[in-house]
Amino acid sequence: MQEKQTVTKPVSEMNSAALLVLKELCRFVPFLLSVCLYFVLAPQASCPLWMKAFLKCLPILFLCTYILTHGINMCTHSKAPKLLAGLLFSAAGDIFRTTSTQLYHLHGDAMFGLAHVFYIWMFGAKPINLLAGCFLVVVGAVYLLFLNRCLWDQKPFQWAAYIYISLIGTMAWRASAGTIFNQHWSWVKLIATIGGMLFLVSDFTYAVSTFCFPVYNSGMIAATYYTAQMLITLSAVNTQNAVVKNRK
């Protein structure tokens with residue numbers, strides 16, 4: 001009897017985990033459909049600029065609705081308001097960047113910079129994990145030396161790049177502090193780490209494509225960006241759910 005119980009328990013846990021994943025995927029259907037819509041319509045030459053901007057920020061707005069329809073109490077949930085603010089600033093950054101890469105580029109960077117401030121606040125300062133921070137400092141320094149060659153004659157963009165790389169690097173550090181060089185990791189923390197790193201890859205590729213040379217596969221920038229936002233959202237919501245379950 002005890003052997004049957006030990007066999008049945010892992011199977012039931014796997015079934016419940018599979019049902020949870022399926023339930024979350026169903027909630028992400030509007031987001032995934034809007035991402036597909038962006039990849040189909042936005043690259044078309046006949047698509048007007050305002051439509052491209054709308055299609056670019058639509059998936060992020062659906063992530064906001066995912067949070068609001070998740071049954072979360074904004075007054076007691078510690079991460080949801082910060083996550084929601086970060087997503088809204090990201091949507092504003094998408095609009096500025098899509099409208100005009102030259103005129104509104106700094107405006108878009110400012111909006112994304114504010115989004116990263118809220119993400120840093122959301123991920124928190126514990127654990128510190130200085131090793132992960134030092135690793136990302138090295139990565140950021142190497143990237144900045146490479147990008148500095150392209151921004152040597154563009155001082156406003158150069159200083160904006162310094163500030164922005166510091167913010168997104170800090171965000172990636174706080175997102176990955178629970179997994180990189182840390183034995184006490186969890187799947188939720190790993191999801192946050194992957195999301196933060198993908199955001200780093202997306203924005204670094206975007207900067208290279210804007211200031212240095214065009215990236216051959218521009219769809220990679222949007223794909224990594226949307227995946228990063230989805231994983232960050234998923235990790236933040238499920239982290240709070242795990243805390244509530246542990247308290248019970």
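Tutor: One definition before we start. Axes are lines fitted to C-alpha atoms, for helices over the stretch in contact, and angles run from 0 to 180 degrees between N-to-C directions. Also, keep in mind that this is a predicted model.

Student: Fine. At what angle do the axes of helix 6 and helix 7 cross?

Tutor: Roughly 155°. Helix 6 covers residues 130-148 and helix 7 covers residues 155-176, and their axes come within 9 Å. Angles over 145 degrees count as roughly antiparallel, so helix 6 is roughly antiparallel to helix 7.

Student: Is the crossing left-handed or right-handed where helix 6 passes helix 7?

Tutor: Right-handed.

Student: Which residues of helix 6 and helix 7 make the contact?

Tutor: From helix 6, they include Leu 130, Leu 136, Gly 140, Tyr 143 and Leu 147. Helix 7 brings Ala 161, Ile 165, Gly 169 and Trp 173, among others. By class, this contact has 11 nonpolar residues, 6 polar and no charged.

Student: Now the other neighbour. How do helix 7 and helix 8 pack?

Tutor: At an angle of about 165°, with axes 8 Å apart. Helix 8 is residues 187-211. That angle makes helix 7 roughly antiparallel to helix 8. The crossing here is left-handed.

Student: Who makes that contact?

Tutor: On helix 7, Phe 157, Tyr 164, Ile 168 and Met 171 are among them. On helix 8, the list includes Lys 189, Met 197, Phe 199, Asp 203 and Phe 211. The contact of helix 7 with helix 8 divides into 13 nonpolar, 4 polar and 2 charged residues.

Student: Switching to helix 5. How many residues does helix 5 have, and how far does it reach?

Tutor: It has 19 residues, 105-123. From first C-alpha to last it reaches 27 Å, close to the 27 Å expected.

Student: Which residues of helix 5 are buried?

Tutor: Among them are His 105, Asp 109, Phe 112, His 116, Tyr 119 and Phe 123. Gly 108 and Gly 113 are buried too.

Student: What follows helix 5?

Tutor: Gly 124, with a positive phi near 85°.

Student: Last topic, the whole chain. How many helices and strands?

Tutor: There are 9 helices and 0 strands. Of the 248 residues, 42% count as buried.

Student: What share of the contacts with a separation of 6 or more comes from residues 24 or more positions apart?

Tutor: They account for 74% of those contacts.

Technical notes
Residues are numbered from 1 along each chain as its sequence is written. This is a predicted model: local features need pLDDT of at least 70, side-chain atom pairs count only at pLDDT 80 or more; totals for chains, interfaces and linings use all residues. Side-chain values use heavy atoms; hydrogens and water are left out. Helices (H or I, at least four residues) and strands (E, at least two) are DSSP runs, numbered from the N terminus. The expected span of a helix is 1.5 Å times one less than its number of residues. Buried means under 20% relative accessible area, exposed over 50%, partly exposed in between (1.4 Å probe, protein chains only). Angles under 35 degrees count as roughly parallel, over 145 as roughly antiparallel, 65 to 115 as roughly perpendicular and the rest as oblique. A crossing is left-handed if the near helix is turned anticlockwise from the far one by less than a right angle, and right-handed if clockwise. Contact means heavy atoms within 4.5 Å. Ala, Val, Leu, Ile, Met, Phe, Trp, Tyr, Cys and Pro count as nonpolar, Asp, Glu, Lys and Arg as charged, and the others, Gly among them, as polar.
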